[in-house]
There are 2 protein chains.
Amino acid sequence: MPDIQKLLWPQSVAIVGASSDTRGLRGRIVQILRSHPYQGAIYPVSRSEAEVQGLKAYKSVAELPPADLAALIIPAKFVPQELENCGRAGIKAAIILSSGFAEERGETGPALQRQIQAIAKRYDMAVSGPNGEGFTNTAAALCPTFSPAMDAGDVPLLPPPARTRGQVAVISQSGGMGYAFFDHGRPKELSFRYIVTTGNEACLEASDFAEFIIDERKTRAILMLIEDLKNPATFERAAAKALRAGVPLIVNRLGASEAGARAIAAHTAARGNDAEYRALFRRYGVIESNDLDEMVDIASAFINMGERLPAGHRVAIASSSGGGGAWVADACALAGLDMPLLDDATRARIDVHLPPYGCSQNPVDVTAQAIHERGYAEFARLAAESPNVDGVILVVTGRHPRFLLEDREHLIALGRETRKPVLLWSYTRPAAVCIDLLSEAGLPLFTNVHNCARAMRVMADYRVAHEKFLKG
Amino acid sequence: MPDIQKLLWPQSVAIVGASSDTRGLRGRIVQILRSHPYQGAIYPVSRSEAEVQGLKAYKSVAELPPADLAALIIPAKFVPQELENCGRAGIKAAIILSSGFAEERGETGPALQRQIQAIAKRYDMAVSGPNGEGFTNTAAALCPTFSPAMDAGDVPLLPPPARTRGQVAVISQSGGMGYAFFDHGRPKELSFRYIVTTGNEACLEASDFAEFIIDERKTRAILMLIEDLKNPATFERAAAKALRAGVPLIVNRLGASEAGARAIAAHTAARGNDAEYRALFRRYGVIESNDLDEMVDIASAFINMGERLPAGHRVAIASSSGGGGAWVADACALAGLDMPLLDDATRARIDVHLPPYGCSQNPVDVTAQAIHERGYAEFARLAAESPNVDGVILVVTGRHPRFLLEDREHLIALGRETRKPVLLWSYTRPAAVCIDLLSEAGLPLFTNVHNCARAMRVMADYRVAHEKFLKG
């Protein structure tokens with residue numbers, strides 16, 4: 001097995017095909033790499049430029065100092081020779097960002113891809129791609145990719161470590177979609193450890209990276225976008241490992257539709273087999289979703305809630321908006337959750353805080369007035385204590401931050417002390433200070449009600465799958 | 001029939017229960033009203049304060065100058081007497097924001113609600129509520145509501161008129177949810193004419209407002225959140241009027257689930273009847289959705305596309321990301337859309353622009369390289385010309401604005417000239433300048449792929465329903 005450690009954690013990176021022209025992809029990759037504080041060496045390889053974006057450039061791979069990783073971004077027809085040169089130079093890992101291989105019409109591209117496979121095997125190199133978009137290792141601040149999502153910009157790559165309860169990894173054949181997960185997760189303060197895009201998977205597959213990442217034990221959830229499983233046995237091994245470790249795999253498999261299947265065949269030469277996937281996914285508690293935002297939201301819920309997964313499907317809803325409570329109830333029913341009446345003792349403890357037009361049945365219509373007087377956290381805490389429920393969905397409005405901010409200490413205590421999962425849905429777009437506060441409190445905040453209900457559901461199902469697997 | 005014109009377009013508004021304390025709802029309503037440039041008179045009525053937030057206050061309704069509208073925000077038990085006083089004073093319209101009526105446990109609240117109904121009838125007053133959250137008329141800059149979504153803030157209530165192709169109205173029993181539509185639509189540059197929240201609907205119903213709004217002929221789509229239809233015949237009349245006028249009603253009916261039904265009964269004393277609703281909705285081409293963002297996105301698609309609705313279910317997909325194209329294809333299949341292969345002539349016209357690893361079948365995998373060279377608009381235009389398709393979904397990345405901005409003139413021409421609908425999905429969060437440009441171009445931009453596919457589908461279905469209705 002080639003060494004993925006060398007690929008994801010290189011001490012030095014050669015960019016074969018590097019350019020000074022930052023309008024093209026060959027210049028962008030260098031620009032993006034350099035915009036982050038990667039501590040290793042960066043070696044541009046260019047036949048035409050002596051210096052690339054302020055870095056000394058090398059004429060050829062043969063002239064390079066020792067390097068761990070080569071990123072190849074040159075026309076497809078030159079890739080086999082340069083990969084061979086890398087092998088000869090002792091470079092043990094490569095990512096191939098060029099297109100024009102198995103996904104190309106005709107015979108040339110597929111033949112080039114077979115050559116890559118042979119060379120990788122001969123030199124025992126860890127090779128990712130071709131037709132990928134590179135990867136990101138945030139801990140190393142290493143971004144050998146031309147993805148615009150990795151522009152350094154004003155926002156740090158990671159949210160503050162103090163409030164990070166765990167990290168996620170993305171593994172995606174599609175580069176655009178892989179980095180889209182990162183792009184959607186950032187405003188939700190989701191902390192990404194890796195984004196790995198694998199393209200055609202001529203050599204290394206998504207499952208290989210998944211195994212490496214699970215073995216490393218630093219990642220708490222994995223988002224995967226799969227076009228096909230080159231090797232179902234490899235996926236099965238990774239999925240079993242993940243389930244044993246309690247690391248949920250949240251997966252969308254593209255190509256479920258006929259046109260989608262046509263698209264993935266053209267995109268990464270993928271061929272799907274629906275029945276086989278379904279059976280595998282069911283066996284290993286793999287969480288399926290076909291919505292990008294939902295997948296990110298589910299990952300965030302797992303990371304914030306940790307071990308506190310619902311023991312069943314029974315949910316209490318507490319809402320300052322009566323209409324909002326009804327909307328969540330409908331969404332929970334669609335997600336296959338139950339909303340039993342709360343027990344009398346819990347209702348009595350809630351009723352003392354409610355005006356006569358409030359209602360403690362379930363959904364608990366807390367009313368705006370009671371929120372003004374008691375805040376949000378108290379009602380989630382009371383509802384969670386009901387023996388009739390396994391989790392709580394709290395409906396808030398994060399637009400006007402006052403009521404959340406005034407409830408700050410209680411929300412933080414709730415996030416720390418609750419033993420049942422508490423998920424929040426804000427029916428208005430939350431203010432930045434509210435996102436900040438709830439991130440600090442470790443309470444997952446949803447802006448889409450269906451994502452919130454679905455997250456509760458899949459967390460409950462995952463707990464069952466995990467416990468069943470551990471019992472054998 | 002009482003005069004809704006007086007309610008939505010008053011020359012003067014009395015706030016009965018106005019307060020200087022802006023921490024409470026009675027102070028917030030005055031504060032919000034005054035933060036917008038409403039040109040009519042505002043008359044606070046307060047038993048305890050001679051001046052409210054800089055405005056002369058009146059001791060009682062009897063002492064008021066002539067007023068068109070009264071907003072009542074006082075304890076429920078005082079509402080009937082004050083409404084009576086309004087009737088005597090010749091005020092022809094009232095909104096009741098107080099809670100504690102039919103939605104309250106026990107007999108007192110429901111009895112109070114019956115008194116309101118009798119008084120409204122006796123004086124032929126247009127009365128909305130109780131238990132509502134007021135309304136907003138953006139054209140009059142009139143916001144008698146305590147909704148935090150109506151804080152003036154830094155963002156104008158409306159996007160620039162020059163790029164507004166039409167306006168939407170929201171009608172919702174729930175105040176929180178009604179204003180949530182506005183809150184979600186704002187960053188999408190959706191222009192709202194009215195947000196009307198109707199609460200318990202003791203007198204005026206959502207359907208009455210819908211009829212008024214359709215008759216006015218200034219609103220191009222209506223978002224409705226219904227807890228129950230007090231009077232199905234009224235709804236039927238409004239729905240028929242809307243369909244005749246080509247104004248889509250985009251409706252979520254809460255309470256479809258058992259717990260949801262419990263919630264709406266407690267919230268606005270609503271009782272649903274599922275079969276009856278379904279039949280009515282089907283008959284009048286009412287568009288159902290249970291997702292807030294999706295509803296807003298659908299409204300935006302209708303407004304931007306106007307008469308250019310798809311003549312069938314056949315969609316072309318053009319994507320710079322192969323994975324993105326496959327994702328859209330799967331979403332379209334789920335939405336019941338077809339993605340036929342493009343005809344040979346169209347494919348030939350597209351192929352000349354594609355590198356060998358691109359693909360013109362459908363989805364069209366344009367590749368990032370071809371986008372760099374030709375921009376986005378050209379591929380949407382070419383795909384739309386295929387006789388095999390009724391609409392186009394164009395997949396873009398709005399994160400890095402360069403490629404959209406460089407394609408500016410073509411995108412604007414595309415929005416103006418296309419005769420088939422073109423919807424855009426950005427798989428990354430779009431930069432503000434991109435939202436701005438596409439709004440100017442009149443091309444609806446989606447950030448959720450399923451909303452995009454669903455919008456195309458419901459537009460096609462609406463066209464069929466509309467044409468069938470006009471033929472009789």
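## Relation of the two chains

In this predicted model, chain A is superposed on chain B by a rotation of 180° with 0.0 Å of shift along its axis, and the RMSD is 0.0 Å. The superposition is made by least squares on the C-alpha atoms of residues with pLDDT of at least 70 in both copies. This is the relation of a two-fold axis. Within chain A, the C-alpha nearest the axis belongs to Asn448(A), at 5.6 Å from it. Both copies use the same surface, since 100% of the contact residues of chain A recur in chain B.

Residues are numbered from 1 along each chain as its sequence is written, and chains are lettered from A in the order in which they are written. Local features need pLDDT of at least 70 and side-chain atom pairs count only at pLDDT 80 or more, whereas totals for chains, interfaces and linings use all residues.

## The contact between the chains

Chain A gives 59 residues to the contact and chain B gives 60 residues; two residues are in contact if their C-beta atoms, placed from the backbone, lie within 7 Å. On the side of chain A that touches chain B, the elements giving two or more residues are helix H5 (175-185), helix H8 (258-268) and helix H11 (322-334) of chain A. Helices (H or I, at least four residues) and strands (E, at least two) are DSSP runs, numbered from the N terminus. The largest share, 9 residues, comes from H11(A).

By class, this side of chain A has 21 nonpolar, 26 polar and 12 charged residues. Here Ala, Val, Leu, Ile, Met, Phe, Trp, Tyr, Cys and Pro count as nonpolar, Asp, Glu, Lys and Arg as charged, and the others, Gly among them, as polar.

## Pro356 of chain B

Pro356(B) lies in the loop between helix H12 (344-351) and strand E15 (364-365) of chain B. Pro356(B) is partly exposed, because 16 other C-beta atoms lie within 10 Å; a residue is buried at 20 or more such atoms, exposed at 12 or fewer, and partly exposed in between, with C-beta atoms placed from the backbone. Not counting residues up to four places away in sequence, Pro356(B) touches Gly100(A), Glu104(A), Arg105(A) and Gly106(A).

## Domains of chain A

The domain assignment, automatic or from a database, divides chain A into domain 1 (1-131), domain 2 (158-305) and domain 3 (307-471). The contact takes 19 residues from domain 2 of chain A and 21 residues from domain 3 of chain A.
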